[in-house]
Amino acid sequence: KSDNALEFADSAKAAFGTGSDLEIYHSAGNSFIANTTGDLLIRNTTGNEIKIQAVSGEQSIQCIGDGAVELYHDGTKRFETTSVGAQIDGRLVVNNSGYGALIVMNNDDSADGSYINLVNDSSSPADNDVLGLVNFKGNDSAGNETAYANIRGISTDVTDGSESADITFSTRHSNTFAERMRLNSSGRLLVGVTGSTSLWGI
């Protein structure tokens, strides 16, 4: 049947290959591309992009020739590969039922180990900005997500040529969350208060 289209009834298959290795068909509410031999390759030989859209006009996956592979959520790009790895725009949540949920590994056989950069890329940096924060969270007995402790890096002086920073350690005690210890930019360890003096300073 033809009205400028090659039409197939539900579950009727367009089969390709001697053993019908590739089948394209529609069955009731779903459409299928089924390959039973070797790999299934989707190519754009013009060097342009391959795009997959969950709904018309809304990007889901975009593959750029000689470039990035991009993943989208509701039309907003959240992940892309780069020439040196990958970039995530937004939050990354790693779920794991056991230990080792997130592993950072250096396998280039150098003397340097793995490192993590926490960067505050502010266009208007100011003294006492939080540069990076590591939170230690868990649930309380009522199931509320609770921050029990954290470590912060704080830029105490952002003046070019005299940059300084402190590291602070905070804990929760009797449901009161507060800074308990600070290593200041001069190397002095302050315990009990956050100023230049402390209950115990080293």
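These legends go with several close-up views of a predicted model.

**View 1. How confident is the predictor across the chain?** This view shows the whole chain of the predicted model. The mean pLDDT is 90, and 94% of the residues reach 70 or more. Among the elements, strand S10, made of residues 145-157, has the highest mean pLDDT, at 97. Strand S14, residues 200-201, has the lowest, with a mean of 55.

**View 2. A nonpolar patch lies on the surface.** Which residues form this nonpolar patch? Look for Ile 88, Leu 92, Val 94, Leu 102, Val 104, Ile 116, Leu 118, Val 134 and Phe 136. Together they have about 840 Å² of accessible area. Let us pick out one of them, Val 134. You will find Val 134 in strand S9, which covers residues 129-139. Val 134 counts as partly exposed because its relative accessibility is 37%, a value between the 20% and 50% cut-offs.

**View 3. The largest pocket holds about 900 Å³ of space.** A total of 18 residues line this pocket. Which of them are closest to its centre? They are Leu 92, Leu 102, Ile 116, Asn 117 and Leu 118. Strand S9 gives the largest share of the lining, with five residues.

**View 4. A salt bridge joins Glu 23 and Lys 13.** In the whole structure, a search finds seven salt bridges. In this one, the closest N and O atoms of Glu 23 and Lys 13 are 3.2 Å apart. What does the pair tie together? Glu 23 sits in strand S2 (residues 22-27) and Lys 13 in strand S1 (residues 13-16), so the bridge ties together parts that are 10 residues apart in sequence. Lys 13 has a relative accessible area of 42%, so Lys 13 is partly exposed.

**View 5. Glu 70, Lys 77 and Glu 80 belong to one network of salt bridges.** Start with Lys 77, which forms a salt bridge with Glu 70. The closest N and O atoms of that pair are 3.6 Å apart. Lys 77 also meets Glu 80 in a salt bridge, at 3.1 Å from N to O. Shared partners join the three residues into one network. Are these residues buried or partly exposed? Glu 70 is buried, because its relative accessibility is 7%. Glu 80 is buried as well, with a relative accessible area of 15%. Lys 77, at 27%, counts as partly exposed.

**View 6. Thr 82 and Ser 123 are 41 residues apart along the chain.** How far apart are their C-alpha atoms? The separation is 24 Å. Thr 82 belongs to strand S7, residues 76-82. With a relative accessible area of 33%, Thr 82 is partly exposed.

**View 7. Ala 28 has a positive phi, and so does Asp 66.** Phi of Ala 28 is near 55°, although this residue is not glycine. Ala 28 lies in the loop between S2 and strand S3 (30-35). Its relative accessibility is 56%, so Ala 28 counts as exposed. Asp 66, which is not a glycine either, has a phi of about 55°. You can find Asp 66 in the loop between strand S5 (58-63) and strand S6 (69-73). Asp 66 is exposed, with a relative accessible area of 90%.

Definitions and conventions. Residues numbered from 1 in each chain as written. Predicted model: local features only at pLDDT ≥ 70, side-chain atom pairs only at ≥ 80, totals over all residues. Heavy atoms only, no water. Patch = residues over 30% accessible without salt bridge, like charges linked within 9 Å, V, L, I, M, F, W, Y side chains within 5 Å. Areas by Shrake-Rupley, 256 points an atom, 1.4 Å probe, with all protein chains shown as cover. Salt bridge = Lys/Arg side-chain N within 4 Å of Asp/Glu carboxyl O. Helix = DSSP H or I, 4+ residues; strand = E, 2+ residues; numbered from the N terminus. Buried < 20%, exposed > 50% of the residue type's maximum accessible area, 1.4 Å probe, protein only. pLDDT = per-residue confidence, 0-100. 1 Å grid on protein atoms, 1.4 Å probe; cavity = no way out; pocket = protein on both sides within 12 Å on 5 of 7 lines; lining within 4 Å. Points joined across faces, edges and corners; volume = space filled by probe spheres on them.
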